[in-house]
Amino acid sequence: MNAYLGLALKSPVSFVLAEHEKLAAIRRDLHAHPEIGFEEHRTAALVAERLHQWGVEVHAGIGRTGVVGVIHGRRTTSGKAVGLRADMDALPIQEEDAFAHRSTRPGLMHGCGHDGHTTMLLGAAQYLAATRNFDGIAYLIFQPAEEGFGGAKVMIDDGLFVRFPCDEVYALHNWPGLPAGHIGLNRGPMMAAADRIEITISGRGGHAAHPHLTVDPVLIAGHIITAAQSIVSRNTAPIDAAVVSLCSLAAGNPGAFSVIPREAKLVGTVRAFQHSIQEAIERRLTELAQSVARAFGGEATVNYQRIYPATINHAPQYEHALQVAEELVGRDRVVRSMQPSMGAEDFAFMLQEKPGCYMRLGQGGADGGCWLHNSRYDFNDAVIPLGAGYLAALAERRLPMTANS
């Protein structure tokens, strides 16, 4: 199953490869039993059980349902520690796959590969616990609630880095857009910030046959939707990436075809990599919404919430992750300047607290429609050894055993 790698396997990958079948079984079990944010009780129990089995010190209930495994190296004289993080939660999607390990829970599925991420970190933990060929401490961070609930921040607020003081932290996410056996990373931005916008438009309701006696909030909403698209095209520099998407319009009652409602609500998102761009968009969006509404005789209020910050890699940790990736898969299988995604990732909260790097592991499948958050998505088990070995190598080679250590 490792033929796709096309490389001379190094020790962590080789070790995990011998455990591949067992790890794949764990991954499929997790896929069949998905749990959404802060409900990962079964998943956390499975993780804790496996870590205990391998002799890893386990701390459960960090950030409600998070688990942290602590592995001391053969020596700890360096005084250094590296954190490795995997997310555990699933998505509220009805799975449409027909394979044997499909979700057993209606309306829930692992549509983003967090089942694979959890499994790969377990594989890394098994290797590190068995070999302990490093000088320092490895913290294995199994994080809940990445999908919109900010589980990383909840773990941090619960004392994650106080109780487990990492010097730096790394995370790996599968990526269908990269071929299996490839690794992608970028010096700087990897994922955008995610902001939530809610615009409430107040007008004056009435009979649709007498619109002149009303202030139509639906009409106002339509003009705000159009005006908002000018922010990126006319108020943001072309070299500064940004997205403004209004994704929901709620107004009136479909059963009341002749009633103009009193209120309409728009909900959407803003994505950007720079804090200054977020501030400029918030300011301009508020100005536009309020001005357009007043021009039609109504009022508009804007509730702008910053949900996730941008995921920005730190240069020294990027260099380390790049070097280890090239050693494992070869230079020709590493994308060094991967195009950032406008999606968001709450690992960003950890990168605000500690230096680190967020990488992508190619799993293929995008050309066949197997993209993230798709109802027919499934993690590619063939990449488990490489992903687990890469995570383990990041810690092992950052905490090297030396003659003097």
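Student: How many bridges join β8 to β12, and are the two strands parallel or antiparallel?
Tutor: Strands β8 and β12 are joined by 10 bridges and run antiparallel. Two strands count as paired if DSSP finds at least two bridges between them, and strands (E, at least two residues) and helices (H or I, at least four residues) are DSSP runs numbered from the N terminus. Please keep in mind that this is a predicted model, in which local features need pLDDT of at least 70, side-chain atom pairs count only at pLDDT 80 or more, and totals for chains, interfaces and linings use all residues. Residues are numbered from 1 along each chain as its sequence is written, and side-chain values use heavy atoms, with hydrogens and water left out.

Student: Which residue of β12 stands opposite R196?
Tutor: T269 in β12 stands opposite R196. The side chain of R196 also makes a polar contact with the side chain of E198, at 3.0 Å; a polar contact is a pair of N or O atoms within 3.5 Å, where within protein one must be able to donate a hydrogen and the other to accept it, and residues adjacent in sequence count only if both atoms are side-chain atoms.

Student: Where is E198, and is E198 buried or exposed?
Tutor: E198 is found in strand β8, which covers residues 193–202. With a relative accessible area of 17%, E198 is buried, where buried means under 20% relative accessible area, exposed over 50%, and partly exposed in between (1.4 Å probe, protein chains only).

Student: What order do the strands of the whole sheet have?
Tutor: This is an open sheet of four strands in the order β10-β12-β8-β13, with antiparallel pairing. Because β10 and β13 (299–308) stand at the edges with a single partner strand each, one side of each is left without a neighbour in the sheet. Neighbouring strands are turned by 20° against each other on average, direction ignored; the axes are lines fitted to C-alpha atoms, for helices over the stretch in contact, and angles run from 0 to 180 degrees between N-to-C directions.

Student: Which helix packs on the sheet?
Tutor: Helix α9 (residues 275–295) does, touching β8, β10, β12 and β13, and its direction makes about 160° with that of β13. Touching, or contact, means heavy atoms within 4.5 Å.

Student: Why is β12 described as largely enclosed?
Tutor: Seven of the 10 residues of β12 are buried, so β12 is largely enclosed by the rest of the structure.

Student: New topic: which residues touch the most other members of the largest nonpolar core?
Tutor: They are L51, L84 and Y390, in a core of 70 residues, and helix α12 (residues 384–398) gives the most to this core, with nine residues. Apart from it lies another core of 26 residues, including V244 and L285. A nonpolar core is a set of buried Ala, Val, Leu, Ile, Met, Phe, Trp, Tyr and Cys residues joined through side-chain atoms within 4.5 Å.

Student: And how many disulfides does the structure hold?
Tutor: The structure holds zero disulfides, a disulfide being a pair of cysteine sulfur atoms within 2.5 Å.
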